[in-house]
Amino acid sequence: MSSGSSSPFRLRVEPSLASVPAAEWDACALGSDPAGAPNPFVSHAFLLALELSGCTGGRSGWNPAHLLVETAEGRLVAAAPCYLKTHSQGEYVFDHGWADAFERAGGRYYPKLQISSPFSPVTGPRLLVRAGEQAAPARAALIEGMKTVMQRLGASSVHITFAAREEWEALGASGFLQRIDQQFHWFNANYASFEAFLDTLASRKRKNIRKERQTAVQNGITIEQLTGSAITEAHWEAFFRFYMDTSSRKWGRPYLNRAFFTEIGRTMADRILLVIARRDGRPIAGAINLIGPDTLYGRNWGCIEDHPCLHFEVCYYQAIDFAIARGLAYVEAGAQGEHKLARGYMPATTYSAHFIGDPRLRRAIADYLDRERLHVEAMKEALTAEGPYRQAADDREPS
């Protein structure tokens, strides 16, 4: 598929990452920092694990249609993790109302193109562009290629979710509608220890966190952090029980299967932090995190026993402990959750961009997004003002 007669690139749609060399894909995922490591959620290993395990493809409604921009000689210079979707599940940027309105008006919203890391409300690069002098034109070709593929595949729209802000700005300049939302992230101010972090909080918040951490490990509960070869199939078996139990109750349909966890354990264990809670030696709860170049990404949690404050300890406080020990700058603890504010996680803006083919639907969504943006910005400002970090007066309070 050509990108145009005047373009030095050609555009290809690939139905499986198994046909794309990992080194070539990850060279694009590295972007402007080829000496670093790619964001784990757009790494070849993670996305291929979803395909090999059947979490994407088949009847999942996430049909891989990865976009590749190549030179005339066949060198991969840009890519996007892209899926032709027949529903709006597993995205965490909700467009069900858009779909309903369009279909009531006689339109056909599905299929649509989704450019994201499936089932992962995690900010990261979506326009994967190899560093070098061709980076700017390659990215432009990738953006225009999205529109071309949308038309050729009969999709109604293109949705790029949880994009990096710089990508969001470039997409807006290319005619995409811009949307924002918020999550709660923890920021590491070069803390030497968890106690050093606590010292920055208001007195009541500091006391509450200490109490929660003590409560979580009552009743014979111990916590362990596992990475790399320390994670065994027995750990994955236990964690999958937690995941299935909690996901089935909370969402009704877990997105990830047992084979997926074995696959990422095989191919990217050194980029995984698995936190396991045991009571009297028996695994009862756990959380999986992925380790990025400067960020720890909290993803899935589950338990088979309910204990006070255990969720906070396993998901939030253990993540902060790990980030401080590793010198990571941020912890992203997943979607939603204003309860995270009291635990040191502050509001952070997330970004998505949307190209809508039908001009009537586009106008309606543009108007909606203008109003939604004002609400999101006002909410972030209010929540930031309520943050747990101490003011000058708090310094006089006993700890």
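Here are some friendly notes on the predicted model above, point by point.

1. **Ground rules.** This is a predicted model, in which local features need pLDDT of at least 70 and side-chain atom pairs count only at pLDDT 80 or more, while totals for chains, interfaces and linings use all residues. Residues are numbered from 1 along each chain as its sequence is written, and side-chain values use heavy atoms, with hydrogens and water left out.

2. **Overall build.** The protein has 11 helices and 15 strands (DSSP runs numbered from the N terminus: H or I of at least four residues for helices, E of at least two for strands). Its radius of gyration is 22 Å, close to the 21 Å that the globule rule gives for 399 residues, so the protein is as compact as a globular protein of that length. Here the radius is taken over C-alpha atoms, and the rule is 2.2 Å times the number of residues to the power 0.38. Along the principal axes, the C-alpha atoms fill a box of roughly 70 × 45 × 45 Å.

3. **The 11-strand sheet.** An open sheet of 11 strands runs in the order β2-β5-β6-β8-β15-β9-β14-β13-β12-β11-β10, with mixed pairing (two strands pair if DSSP finds at least two bridges between them). At its edges sit β2 (62-64) and β10 (221-227), each pairing on one side only. Neighbouring strands of this sheet are turned by 30° against each other on average, direction ignored (axes are lines fitted to C-alpha atoms, for helices over the stretch in contact; angles run from 0 to 180 degrees between N-to-C directions). Have a look at β13 and β14 (residues 330-332), which pair in the parallel sense over three bridges; Thr-295 stands opposite Tyr-330 there.

4. **The four-strand sheet.** Four strands form an open, antiparallel sheet in the order β1-β3-β4-β7. Leu-11 stands opposite Val-69 in β3. Helix α1 (residues 22-30) packs on this sheet and touches β3, β4 (76-80) and β7, its direction making about 75° with that of β4 (contact means heavy atoms within 4.5 Å).

5. **The largest cavity.** A search of the whole structure finds three cavities of 30 Å³ or more, and the largest holds about 80 Å³ of space. A cavity is a set of points, on a 1 Å grid over the protein atoms alone, where a 1.4 Å probe fits but cannot get out; lining residues have an atom within 4 Å of a point. Points are joined across faces, edges and corners, and the volume is the space filled by probe spheres set on them. Among the lining residues are Phe-41, Phe-119, Phe-260, Arg-299 and Asn-300. At least two lining residues come from each of α9 (258-267), β12 (282-291) and β13 (295-303). The lining divides into nine nonpolar, two polar and one charged (Ala, Val, Leu, Ile, Met, Phe, Trp, Tyr, Cys and Pro count as nonpolar, Asp, Glu, Lys and Arg as charged, and the others, Gly among them, as polar).

6. **Backbone details to check.** The peptide bond from Tyr-110 to Pro-111 is cis, with omega near 5°; Pro-111 lies in the loop between α3 (96-104) and β6 (112-115). Phe-119, in the loop between β6 and β7, has a positive phi of about 65° although it is not a glycine. Phe-119 also belongs to the lining of the largest cavity.

Note on methods
1 Å grid on protein atoms, 1.4 Å probe; cavity = no way out; pocket = protein on both sides within 12 Å on 5 of 7 lines; lining within 4 Å.
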